[in-house]
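Trainee: Could we go through this model together? I would like to begin with a pocket and then turn to the backbone and the rings.

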Amino acid sequence: MLPFVTILGRSLPMYGLLGLLGFLLGLLFVILRVPRFSLSRDDAAYIYVFAALGALAGAKLLYLLTVLPRLAELVRSGAGAGALLAYVSGGFVFLGAVPGGLAAAWLAARAYRVRLADFMPLLVPALALVAALGRVGCFCAGCCYGVECVSPVSVVFPAASLAAPPGVPRLPVQLFEAAVQLALFLALLWFTARPRRARFAAEFYLACYCPARFLLEFFRGDDARGALWGLSTSQWLSAAGSLAVSLYFFMRSGRKMPD
């Protein structure tokens, strides 16, 4: 765990650095892989950048929705701007990044007069790659921590952790999800290798990620996620995503599936 790193005498958050690294690696992936699909490199790069901005906005908006009752309570109690800013400036919910990124990418594709579906084989693997680095950043910062558990893989966060209670052995659920995202990135490279399957990249990703995220949520120990009827916000969204993908494939069941 390394919440901050010193570079040229300045202390920088590892979460932000790894997020930036993920963004740059995703952009590099898009630029290097775009010739395989005979698409415009400029269009792909611009759509990726807009998708990344939309993903950030969507992840932040969903986070704010999960903490809205706490924000309302702070406002009613007359809390200062500093307390409110602490909530506004920190925290993201990854599942909010998916619709936010898709919406921004769709708008960008319309602006460039291209089909978004043609760029999905580039954008979706890049999303998994960025998410993998982002979860490592969560681990370094100590946010999104796992349940208390004594096991060979458990970790103890230091006092410098930004969120996780120090001195308590916990499952490194952030690294578990990072491994899932990295595995999905590699799986998507295989899945999009054939042009007829490539256009189903988003469906493939959601069909794999949503059930995995639903299960991983049971091992989360942080309570700043929102909950309803015993399930977290991310679990409800994961269930909805799984249902939507299942219905999509059911509706296509009478048609010839891609090779």
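**Pocket, backbone and rings**

Mentor: The largest share of the lining of the second largest pocket, five residues, comes from α5. Please keep in mind that this is a predicted model, in which local features need pLDDT of at least 70, side-chain atom pairs count only at pLDDT 80 or more, and totals for chains, interfaces and linings use all residues. Residues are numbered from 1 along each chain as its sequence is written, and side-chain values use heavy atoms, with hydrogens and water left out.

Trainee: Which helices each supply at least two residues of that lining?

Mentor: They are α5 (94-112), α9 (201-216) and α10 (233-251). Helices here are DSSP runs of H or I with at least four residues, strands are runs of E with at least two, and both are numbered from the N terminus.

Trainee: How much space lies in the second largest pocket?

Mentor: About 190 Å³. On a 1 Å grid over the protein atoms alone, a pocket is an open set of points where a 1.4 Å probe fits, with protein on both sides within 12 Å along at least five of seven lines; lining residues have an atom within 4 Å of a point.

Trainee: How do the lining residues divide by type?

Mentor: Eight are nonpolar, three polar and none charged. Ala, Val, Leu, Ile, Met, Phe, Trp, Tyr, Cys and Pro count as nonpolar, Asp, Glu, Lys and Arg as charged, and the others, Gly among them, as polar.

Trainee: Turning to the backbone, what is the phi of S38?

Mentor: S38 has a positive phi of about 55°, although it is not a glycine. Most residues other than glycine have a negative phi. S38 sits in the loop between α1 (14-33) and α2 (41-66).

Trainee: Is S38 buried or exposed?

Mentor: S38 is exposed because its relative accessibility is 66%; exposed means over 50%, buried under 20% and partly exposed in between, with a 1.4 Å probe and protein chains only. C144 also has a positive phi of about 55°, but C144 is buried, at 13%.

Trainee: And the rings: how many aromatic pairs does a search of the whole structure find?

Mentor: Twelve. In one of them, Y248 and F249 have ring centres 5.4 Å apart and planes at 70°, so the pair is edge-to-face. Rings of Phe, Tyr and Trp (its six-membered ring) pair if their centres lie within 6.5 Å; planes under 30 degrees apart count as stacked, over 60 as edge-to-face and the rest as tilted.

Methods: Points joined across faces, edges and corners; volume = space filled by probe spheres on them.
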